[in-house]
Amino acid sequence: MSTPAATPSGLDPARAGSAGATPSGGDSSGATPTGAGSGSWLPRLGFGAAQLGNLYRVTTDEEADGAVRAAWDEGIRYFDTAPHYGLGTSERRLGERLAAHPRDDYMVSTKVGRLLRPGPGTGDDMDSAFAVPDHHVREWDFSETGVRRSHEESLARLGMDRVDILFAHDPEEGPTEQAFAEGLPALARMREEGLVRAVGVGSKDADVLTRSVRTGLLDLVMLSGRYTLLEQDGARELLEECVRHGVRVVAVSVFNSGLLAQHRVPDDATYEYAQAPRELLDGARRLADVAQRHGVTLPDLAVQYPLRHPAVDSVVLGMRTAEQVRSNIARRDARIPHAAWADVDGDDAGL
């Protein structure tokens, strides 16, 4: 197996320990991934760029400028995007805002599986939750030709000569068997050819990710919402397989689509993008009480909880504004006492 290019400077693989106060501080240099089964090399916090694609509402250029500038100034050097996010809008906006920085100083991940094709241009993309015109439509394609074409088109939208990580995006929602038979081997070949440093699968389906890890082809998985402060056992088998195979985990949707995003959990809080049931509201409030007793907040616990697992290297959070960036940095760096984690581990609030 060929060794990918060196990891960009400014990256820190440090994680919160499984016990004790969480270390604060920014990012520093990390190790180099060495293909499937590589060790820790991602920073603890990454910038999720779905909001740059107008997720739920329009993100103004001023908001996008401020968010990326604040992320850079705060030391964030890992940025995640996808063609799906705003029909390419996220990739274009992110690339424009990173263009002023040396390419070796940061990492970018994007995704394959959905090609963008000309659309009617008569409406919008709100059915997929993005406030953009429907000048394009998505077309599933996990064939090797489709994967390579998606990669090339992403590079064009980003205005970059390379991305560092490619994820197969949501294979459970598209042609799943094609993703396993063609898409994942294609990604592995692209890594061997030096086109990308690392490859993985991004999904909210822990079973699909577990199956993916067992192929032996992956460096990473991006796990959406199944290992969180609230869903502490939702991906037990997956995480065990990741440790066994040396596959690193990027945790996303750690707020469970809003339920853990505020210290005071409102009655109309959402879970999986719908009204949270009463038992989950009660569980989230018990966890907020734990945080309160130890002088931290529920979002602090939510951001740092996944990082306690030995397989999890990074949490990627969506960031629309500079204020959100600074808030997420504060959550990453909050000093959480040993006793708070002991109480979390002994609480029955999680799923």
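1. Arginine 77 and tryptophan 72 come first. In this predicted model, the charged end of arginine 77 sits over the ring of tryptophan 72, 3.6 Å from the ring centre. A second case of this kind involves arginine 211, which lies over the face of phenylalanine 180. Here the distance to the ring centre is 3.7 Å.

2. Tryptophan 72 also takes part in a cluster. Ring pairs link Trp72 with Phe47, Phe79 and Tyr106. The count of aromatic pairs comes to seven.

3. What does the pair of phenylalanine 79 and tyrosine 106 tie together? Phenylalanine 79 lies in strand E2 (residues 78-80). Tyrosine 106 lies in the loop between helix H2 (89-98) and strand E3 (107-112). The pair therefore ties together parts that are 27 residues apart in sequence.

4. Now confidence. The protein chain has an average pLDDT of 90, and 87% of the residues score at least 70. Over residues 1-38, however, the pLDDT is below 50. That stretch still has 121 contacts in the model beyond near neighbours in sequence. Where pLDDT is low, the predicted coordinates should not be read in detail.

Key: Residues are numbered from 1 along each chain as its sequence is written. This is a predicted model: local features need pLDDT of at least 70, side-chain atom pairs count only at pLDDT 80 or more; totals for chains, interfaces and linings use all residues. Side-chain values use heavy atoms; hydrogens and water are left out. Rings of Phe, Tyr and Trp (its six-membered ring) pair if their centres lie within 6.5 Å; planes under 30 degrees apart count as stacked, over 60 as edge-to-face and the rest as tilted. Helices (H or I, at least four residues) and strands (E, at least two) are DSSP runs, numbered from the N terminus. A charge sits over a ring if NZ of Lys or CZ of Arg is within 6 Å of the ring centre and within 35 degrees of the ring normal. pLDDT is the predictor's confidence in each residue, from 0 to 100. Contact means heavy atoms within 4.5 Å.
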